[in-house]
Amino acid sequence: MKIIVEEPDEQEEDHVIIRCRQMDDTLLQMIQILKRKQKTLVAYQETTAFMLQPEDVFYFEAVDNHVFIYCKDSLYESKQKLYEIELLLGEDQFFRASKSVILNLRKIKSLTPAFSGRFEANLKNNEKIMISRQYVPLLKQKLGL
Amino acid sequence: MGKQLFFLAVLSLFCALGEFIIMESEERQYSKKEIIIRFFFHYLYMNLVVLFFGIKIGWFTILNRLEIGIVLVMIAIIYLINVIASYARDKSLAEKMNQKLLHLENQQEMK
């Protein structure tokens, strides 16, 4: 396999082109790694920085101008704003559940009605998150309903 | 007649204003318990509004306990039907969404 690295034109963004006759496991793995790296999140605990994979995140919550990242057993802080995270991950399995929460669809165990058109998401780590009425259509869209 | 229509319109307005009691806050999320308490106050508010304007319009008098009792029962039944119907609709939607979540989970496992 030949590897060629070229500098793109000024207007062009960095991109990777894979030219192959047949897609094999190695190439698929490479593509997976590249895709994951693009969406890796930088998270902080005190002054220590961590690289998190989006699939490990249960939800993001904005409180008092801080954005917190909730994983299964750990809590981090993000320097990004909630809307920036939504732009980065909104196309994937994440969706806005309320004004201050972005939730990972794949971490929801079940949904129960919570009056007034709202729903309560029971997460796989046994936490409960409220989904506001105005964001329920978005959830339905994500689920293909 | 005109006066009655006016009071009916004002009654409708006050009923609609009651929505603010159960409306979601932009600033914080209400828990299930808080929502239930708010629904209870909303129900009390609706009773007060309907009774007040009912008396003003002349539908019934405050001295006639039977009439007041019938109106309160009617409000309770209509309110209950509304709450149950809304809950049933949401429950049905929750079931559909849970099925989709399960489907997603199975797809993920197969990968």
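In which helix of chain B does Leu17(B) lie? Leu17(B) is part of helix H1 of chain B. The model is predicted.

## Nonpolar patch on chain B

Leu13(B), Phe14(B), Leu17(B), Phe20(B) and Met23(B) together make a nonpolar surface patch of about 470 Å². The most is given by helix H1 of chain B, residues 2–17, which supplies three residues to the patch.

Leu17(B) has a relative accessibility of 37%.

## Three-stranded sheet in chain A

Chain A contains an open sheet of three strands in the order E8-E9-E10, and the pairing is antiparallel. Strand E8 (108–113) and strand E10 (128–131) of chain A are the edge strands; each has a single partner strand, so one side of each has no neighbour in the sheet. From one strand to the next, the twist averages 25°.

E8(A) and strand E9 of chain A, residues 119–123, run antiparallel and are joined by five bridges. Pro113(A) has Phe119(A) in E9(A) as its bridge partner.

Opposite Ala43(A) stands Phe50(A) in E2(A).

The hairpin formed by E1(A) and E2(A) has two residues between the strands. In this hairpin, Glu46(A) takes a positive phi near 60°.

Notes. Residues are numbered from 1 along each chain as its sequence is written. Chains are lettered from A and ligands numbered from 1 in the order in which they are written. This is a predicted model: local features need pLDDT of at least 70, side-chain atom pairs count only at pLDDT 80 or more; totals for chains, interfaces and linings use all residues. Side-chain values use heavy atoms; hydrogens and water are left out. Two strands pair if DSSP finds at least two bridges between them. Helices (H or I, at least four residues) and strands (E, at least two) are DSSP runs, numbered from the N terminus. Axes are lines fitted to C-alpha atoms, for helices over the stretch in contact, and angles run from 0 to 180 degrees between N-to-C directions. Patches are made of residues with over 30% relative accessible area and no salt bridge: like charges are joined within 9 Å, nonpolar side chains (Val, Leu, Ile, Met, Phe, Trp, Tyr) within 5 Å. Accessible areas come from the Shrake-Rupley method with a 1.4 Å probe; for residues, only the protein chains shown count as cover. A salt bridge is a side-chain nitrogen of Lys or Arg within 4 Å of a carboxyl oxygen of Asp or Glu. Buried means under 20% relative accessible area, exposed over 50%, partly exposed in between (1.4 Å probe, protein chains only).
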